[in-house]
Amino acid sequence: MKGELDNVGKFDFIIVGAGPAGLFAALELSRAGKSVAVFDKGSPISARKCPIKTGASKDCVRCHPCAIISGWGGAGAYSDGKLTLTPEFGGNLERSVGREKLLDLIDEVDRTFVHFGADSPVYEPDPVFAADVIRRGRAAGLQVIPARIRHMGTDRAKQVLASFYEELGASCEVRTRTEVQTVLVEQGRAKGVLLADGTLVEAPAVLLAPGREGAPWMERVASDLGLSVDSLPVDIGVRVEIPDEIANDLTEQFYEVKAIFDAPTFDDRVRTFCMCPHGEVVTEYQSDSGLVIVNGHSNRDRKTQNTNFAILVSTEFTHPFRDPNGYGGAIARLANMLGGTVLVQRLGDLKAGRRSTAGRIERGLVRPTLQQAEPGDLSFALPYRHLTDILEMLKALNAIMPGIDGPHTLLYGVEVKFYSLRLSLDKGLQTSVKGLYAAGDGAGVTRGLVQASASGLVAARDFLDTEREAS
Ligand SMILES: Cc1cc2nc3c(=O)[nH]c(=O)nc-3n(C[C@H](O)[C@H](O)[C@H](O)COP(=O)(O)OP(=O)(O)OC[C@H]3O[C@@H](n4cnc5c(N)ncnc54)[C@H](O)[C@@H]3O)c2cc1C
């Protein structure tokens with residue numbers, strides 16, 4: 001050991017990534033009396049400050065790593081804090097643990113969040129209202145799926161994560177601003193990790209939970225260790241921003257409207273994702289690839305007059321789809337090449353085949369909450385296929401959100417979800433290397449806070465069970 005870690009010995013368990021998957025695993029293991037080290041390359045929660053948010057910069061200055069998605073709490077810290085309590089959303093964990101167990105895990109994760117301060121109400125739509133929306137959606141080809149959602153809000157989520165730190169900072173060896181370079185394996189068993197500063201840290205079990213931002217790193221580790229990987233469809237699309245009044249009826253009831261649509265021209269699956277009522281559109285910097293992409297969040301106590309959400313197109317071109325993350329990255333890079341950051345365009349301009357200019361955005365009826373986005377033309381960045389799917393989705397959504405398909409709706413691009421790789425894992429989320437686990441978004445297991453948290457529990461419990469059986 002050297003440098004800051006001189007006083008750190010061997011551990012029972014090492015966790016890479018202090019996002020929800022890592023934190024829930026750390027809770028479970030430390031409460032079971034295990035010695036746990038948690039490494040995250042981002043900053044402690046109190047130091048996670050996006051220069052745009054603090055007003056220190058007008059534009060994304062490409063922090064390495066990005067404070068929005070890296071650090072204590074992971075992408076969850078700045079996330080919208082929507083805890084989706086319905087198993088159909090937020091991941092594929094049901095495949096590993098079955099529906100009954102997933103329902104129990106969701107309940108347990110929710111109770112833990114409430115214990116740490118997420119005491120906000122749960123949204124559940126009135127059944128008569130929901131039935132009417134479902135009927136209107138169906139007539140337009142949309143499948144609307146009501147979900148139970150507890151909304152913490154971005155501001156509250158940070159307080160909740162600070163409370164997690166109060167417990168875990170005392171019971172685990174937590175190292176932020178500490179990047180893990182690679183995983184050490186000996187004779188088919190996990191042996192520890194090598195940090196970027198050259199320090200070797202040992203443990204017989206390691207959990208990889210590097211999130212979406214760490215998906216390219218995970219891909220490299222998997223390749224170095226010869227772990228088998230499946231490709232998932234890549235999700236590419238735009239973030240839509242509309243005035244509150246277009247979505248209010250629905251968001252007051254559902255909070256988030258989850259709609260799925262098979263777009264007629266290409267028969268691609270298109271869906272709404274991460275709805276942020278009264279929210280803000282934000283940029284997300286992927287430090288590994290150097291890309292600026294778009295996202296959104298809502299504060300619970302600071303509201304805007306707009307609602308935003310993503311429209312994502314899931315595409316699997318050939319099977320296997322060799323490099324979905326590379327493909328999504330190439331499209332995001334095109335948008336960055338044009339605007340230096342994310343682009344924004346009015347729907348009316350897109351349909352008329354002209355770029356949006358600062359003047360046209362200024363004359364529009366929707367004030368962009370992401371002022372730094374560059375007015376431009378998304379058709380230079382997004383493939384014809386994706387644009388067609390998105391336009392068809394907006395037309396269909398007009399049946400449940402009248403006005404959304406109008407000329408003033410803003411589209412920001414591009415939004416890409418880098419969780420397009422899935423490691424081959426057993427039911428306990430262990431890889432083919434003994435003692436090496438993978439969980440959360442970066443492993444392709446989940447796509448949201450609740451299932452990511454639950455996946456951390458699954459991995460930790462599998463480790464504890466295996467240890468118990470062996471003793
Ligand atoms: C702006 C935004 C809004 C969102 N809103 C919601 C929402 O409302 N509801 C919802 O359910 N989900 C939301 N999400 C998604 C949610 O945040 C993720 O699904 C969830 O955080 C995934 O958890 P995770 O533990 O897998 O990874 P993450 O939370 O991504 O955490 C991974 C951590 O690993 C660290 N890391 C990566 N590589 C390394 C390495 N080599 N060494 C050390 N550390 C490393 C990263 O710094 C990061 O802190 C949102 C995401 C964003 C970005």
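**Backbone exceptions and helix packing in a predicted model**

Proline 65 sits in the loop between helix H2 (51-54) and strand E3 (82-84). In this predicted model, a cis peptide bond links histidine 64 to proline 65, with omega about 0°. Another cis bond runs from glycine 413 to valine 414, where omega is near 5°. Valine 414 belongs to strand E21 (residues 410-417).

Tyrosine 255 has phi near 60°. This residue lies in the loop between helix H8 (244-254) and strand E14 (258-263). Tyrosine 255 has 24 other C-beta atoms within 10 Å, so it counts as buried. Histidine 278 has a positive phi of about 55° and is not a glycine. Its loop connects strand E15 (268-276) and strand E16 (280-286). With 20 other C-beta atoms within 10 Å, histidine 278 is buried; the cut-off is 20 or more.

Glycine 226 comes after H7, with phi near 70°.

Helix H7 (residues 215-225) buries Ala215, Trp217, Met218, Glu219, Val221 and Ala222. The cover over these residues includes strand E8 (180-186), strand E11 (206-208), strand E12 (229-231), H9 and strand E22 (421-423). Alanine 222, in H7, illustrates the setting. It is buried, with 20 other C-beta atoms within 10 Å. Beyond its neighbours within four places in sequence, alanine 222 contacts Leu227, Val229 and Leu423. Its C-alpha atom is 9.6 Å from that of valine 183, a residue 39 positions away along the chain.

Helix H9 (residues 324-339) comprises 16 residues. The span from first to last C-alpha is 23 Å, close to the 22 Å expected at 1.5 Å a residue. Pro324, Asn325, Gly328, Gly329, Ile331, Ala332, Ala335, Asn336 and Gly339 are the buried residues of H9. Viewed down the helix axis, they fall within an arc of 160° and therefore line one face of H9.

Helix packing was examined for H4 (residues 99-115) and H13 (residues 449-470). Their axes come within 9 Å and cross at roughly 105°. The two helices are therefore roughly perpendicular to each other. H4 contributes Leu102, Leu105, Ile106 and Val109 to the contact. H13 contributes Val450, Ser453, Ala454 and Leu457. Seven of the contact residues are nonpolar, one is polar and none is charged.

Note on methods
Residues numbered from 1 in each chain as written. Predicted model: local features only at pLDDT ≥ 70, side-chain atom pairs only at ≥ 80, totals over all residues. Axes fitted to C-alpha atoms, helices over the stretch in contact; angles between N-to-C directions. Helix = DSSP H or I, 4+ residues; strand = E, 2+ residues; numbered from the N terminus. Parallel < 35°, antiparallel > 145°, perpendicular 65-115°, else oblique. Contact = placed C-beta atoms within 7 Å. Nonpolar A, V, L, I, M, F, W, Y, C, P; charged D, E, K, R; others polar. Expected span 1.5 Å × (residues − 1). Buried ≥ 20, exposed ≤ 12 C-beta atoms within 10 Å, placed from the backbone. Arc of directions from axis to C-beta.
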